[in-house]
Amino acid sequence: QYSPDSVAGADGEIDPTEVTFPGCSCRSSSCALPECPCLRRGENASGSLGLRLAEQQEQHFSRPVFECNSLCQCGEGCQNRLVQRGLQLRLQVFRTERKGWGVRALEPIPRGSFVCEYAGEVLGSAEAHRRIQAQTPQEPNYIIAVREHLHDGRVMETFVDPTHIGNVGRFLNHSCEPNLFMVPVRVDSMVPRLALFAAADISAGEELSYDYSGRFCNLPGTSREHKPLEEENSLRKPCYCGSRTCASFLPWDSSLFSTP
């Protein structure tokens with residue numbers, strides 16, 4: 001079932017459509033610092049991507065991104081409303097030679113552009129673990145676990161499963177040298193939207209990909225830091241991205257296969 005936005009999962013534990021953030025009272029057509037409280041919470045998704053691209057490689061932490069929401073007084077044309085507008089580009093789902101389905105651009109995409117969201121059912125931890133453990137090694141796994149490490153040591157987890165309900169993002173393949181990177185963007189509540197941005201200028205016809213491990217760009221050897229046990233290797237899927245730094249296997253997180 002196609003859905004442009006994430007929805008509450010079958011467990012009903014988390015509702016991504018619930019509005020819990022207060023809106024700003026900005027009366028201008030587009031919000032600006034320092035007046036707008038939404039912008040003061042973090043970064044602006046449409047104006048900070050050059051900085052964020054550098055941060056991915058040089059800094060341990062990035063500032064969070066908050067967009068204006070449905071309770072804000074600013075107009076629909078506010079520059080701090082980007083991800084919530086949804087897909088604006090022409091993309092195509094196509095059959096790849098070795099990787100199953102993939103997604104390619106039908107038009108040039110400039111570096112830093114918002115491309116699409118990874119949307120699906122937003123699950124609680126217990127339901128996400130239950131679904132992952134119920135899968136066989138032959139089945140494709142679409143469930144993504146995003147962990148945000150806060151400066152005080154806490155970790156926020158978001159689980160999104162587009163297996164049965166999702167959007168075009170579910171067809172994006174992994175690459176060890178991707179042309180997209182993922183940023184959690186918050187609009188109405190603390191439940192983030194998993195937004196994918198162009199990490200480089202992308203040509204029409206080029207396949208779109210991101211690093212399933214969450215890295216912006218792998219360096220030689222970074223995917224080999226953790227040597228999994230032999231029994232874990234049997235569950236890992238081969239990587240066919242073809243990049244010069246290919247790690248041979250898709251990223252692996254053994255914690256998802258253990259009891260939470």
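Modeller: Contact here means heavy atoms within 4.5 Å. The model is predicted, so local features need pLDDT of at least 70 and side-chain atom pairs count only at pLDDT 80 or more, while totals for chains, interfaces and linings use all residues. Residues are numbered from 1 along each chain as its sequence is written, and side-chain values use heavy atoms, with hydrogens and water left out.

The part I pick is strand E12 (residues 207-210). Helices (H or I, at least four residues) and strands (E, at least two) are DSSP runs, numbered from the N terminus. Two strands pair if DSSP finds at least two bridges between them.

Start with the partners. E12 pairs with E4 in the antiparallel sense, over two bridges. There, Val103 stands opposite Leu208 of E12. E12 also pairs with strand E9 (residues 173-174), in the parallel sense and again over two bridges. His174 stands opposite Tyr210 of E12.

Now Tyr210 itself. Rings of Phe, Tyr and Trp (its six-membered ring) pair if their centres lie within 6.5 Å; planes under 30 degrees apart count as stacked, over 60 as edge-to-face and the rest as tilted. Tyr118 sits in the loop between strand E5 (114-117) and strand E6 (121-123), while Tyr210 belongs to E12, so the pair ties together parts that are 92 residues apart in sequence. Both Tyr118 and Tyr210 are buried. Tyr210 also pairs with Tyr212: the ring centres are 5.1 Å apart and the planes at 55°, so this pair is tilted. Buried means under 20% relative accessible area, exposed over 50%, and partly exposed in between (1.4 Å probe, protein chains only). Tyr210 has 5% relative accessibility, so it counts as buried. Tyr212, at 33%, is partly exposed. Elsewhere, ring pairs link Phe114, Phe181 and Phe197 into a cluster.

Next, the core. A nonpolar core is a set of buried Ala, Val, Leu, Ile, Met, Phe, Trp, Tyr and Cys residues joined through side-chain atoms within 4.5 Å. The largest one has 22 residues, and Leu91, Ile109, Val115, Tyr118, Leu172, Leu180 and Leu208 touch the most other members. At least two residues of this core come from each of strand E4 (101-105), E5, strand E7 (144-149), E11 and E12. E11 gives the most, with three residues.

Not counting residues up to four places away in sequence, Leu180 touches Leu208, Ser209 and Tyr210, and its other contacts include Val115, Leu172, Leu196, Phe197 and Ile202. Apart from this core lies another, of 10 residues, among them Cys38, Leu39, Cys68 and Cys74.

Leu180 also falls in strand E10 (residues 180-186). An open sheet of four strands runs in the order E2-E10-E11-E5, with mixed pairing. Its edge strands are E2 (65-66) and E5, each pairing on one side only. E2 and E10 run parallel, joined by two bridges. Phe66 stands opposite Arg186 of E10.

Last, the charges. A salt bridge is a side-chain nitrogen of Lys or Arg within 4 Å of a carboxyl oxygen of Asp or Glu. The whole structure holds 11 salt bridges. Lys99 is partly exposed at 26% relative accessible area. Glu207, at 21%, counts as partly exposed too.

Compare Arg193 and Glu117, whose side chains meet in a salt bridge (4.0 Å, N to O). Arg193 lies in E11 and Glu117 in E5, so the pair ties together parts that are 76 residues apart in sequence. Arg193 is buried, with a relative accessible area of 19%. Glu117 counts as buried at 6%.
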